[in-house]
Amino acid sequence: MSEPLHVVIGGAGLAGSLLASLLAQDGHRVSIYERRSDPRRQGFIGGRSINLALSSRGLEALGQVGLREQVMETMAIPMRGRIIHSAQGDQSFHPYSSDPSEAINSVSRGDLNLLLLKRAAEHENVSLHFEEPVTDVDFDSGQVTVQHAHDDEPRRIQADLIVGADGAFSVIRGAMQRSANRGGFGFSQSFISHGYKELVIPPTSSGDYAIDPDALHIWPRGASMMIALPNTDKSFTCTLFWPREGDGTSFESLDASEDPAEFIRGIYPDAVDLMPALVDDCRENPVGSLVTISCDRWYCGERAVLLGDAAHAIVPFYGQGMNAAFQDCLVLQKHIRNSGHDVGKIVRDFSREQKPNGDAIAQLSMENFLIMRDKVNSFRFRMIQKLERMLHRFMPGYVQPVYNLVSFSTTPYSDITRRQERRRQLARTMPLVVMAIVLLIVGFLGGLFI
């Protein structure tokens, strides 16, 4: 191996703490700078508490730091399909895959973050700095400026490689945007009109789950929906995905209602009685924003690179935000191994490989939003899914549903969208092919009688 790098990571979230362990295992020196306090002393690291769906890409990464089995045994709850709740309160189960062993796993963001931080701290060549965020970057010298919450004077840290893993509102990405001498840095963010609010279904009085814990529950209502994911304490975290404004089902209408429980009962009649703290949750829990972020490249200069939400924040409707970020970490590790001390080549090659995948999962996530809130209620859509699963069972080498490729494989997201587009083109041309065959047959039969 070439000389070890000093890697400075901005952000001690899921991606930053995982990457620290991956690189420390390869002998590199890693320094993490995080604006929040140390969660090992304070508890949950903060930020969004929305449950995460852990699937194949994330499990592969956890396996590389020796945590896959521990996570699956102690904090993951397998969800093998969706349970759809109709407006009348009826329920129906729809498996994710024809293979009953394939499931996505509900995990707590906070618990997983703590576990990853503890694993990173086990490495002597990892240093963790809390309440000390990166505030600026000099991309020419490779120095980062950090400012401790209780110090007046900032410090400057020399790095061989700077990694922005500091989330959707990344300070390191902001510094890249200000580096006009680097030829510009294209960036866009798009907030959807929906927000989200978390509610809770607690355990029953006997200490059991109030609804089936083996599935992700969805209450789809066209322009809005509620989902529920199980927790290890036998509760469910429910999330309203509603328009922020407008008449009918919206957070504006909920805030204006005199009785939030009765307002929600009219939309999800079978859920309200399972939520004894519903009124307080509605009034006290904030409405979060849902944003998609895209950058025209994920690096700046010869030393700095972005990954995870800092490079490609996505809406959560495919449950792939964490999984995609973890895959970024594995790919960056691969390029560091392949390119030795040529950091400029590392950041460029990483960006060229992963940016198309970030763009692809952003597209897939928005498409799945429409599926979850609306199409799962469609008889035609459910029949097509059932046919896909049946064909996949008998011809797995030829028929791979998009959901399976996203959740139960490590196929690059950009390859999945290319396959999806080819399938759509085939669907558009198939009626013309069938019509041509029919016309040929009719013409042939007609010729027999002339």
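User: In what order do the strands of the open sheet of 3 strands stand?

Analyst: This is a predicted model, in which local features need pLDDT of at least 70, side-chain atom pairs count only at pLDDT 80 or more, and totals for chains, interfaces and linings use all residues. Residues are numbered from 1 along each chain as its sequence is written, and side-chain values use heavy atoms, with hydrogens and water left out. Strands (E, at least two residues) and helices (H or I, at least four) are DSSP runs numbered from the N terminus, and two strands pair if DSSP finds at least two bridges between them. In this open sheet the pairing is antiparallel, and the order is S9-S10-S11.

User: Which strands stand at the edges of the sheet, and why is one side of each left without a neighbour?

Analyst: An edge strand here has a single partner strand, so one side of it has no neighbour in the sheet. This applies to S9 (134-138) and S11 (155-158).

User: How many bridges join S9 and S10?

Analyst: S10 covers residues 143-146 and pairs with S9 in the antiparallel sense. One of the bridge pairs links Asp138 with Gln143 in S10. The pairing of S9 with S10 runs over 4 bridges.

User: At roughly what angle do the axes of H3 and H11 cross?

Analyst: Axes are lines fitted to C-alpha atoms, for helices over the stretch in contact, and angles run from 0 to 180 degrees between N-to-C directions. The axes of H3 (residues 56-64) and H11 (residues 321-339) come within 8 Å, and they cross at roughly 45°.
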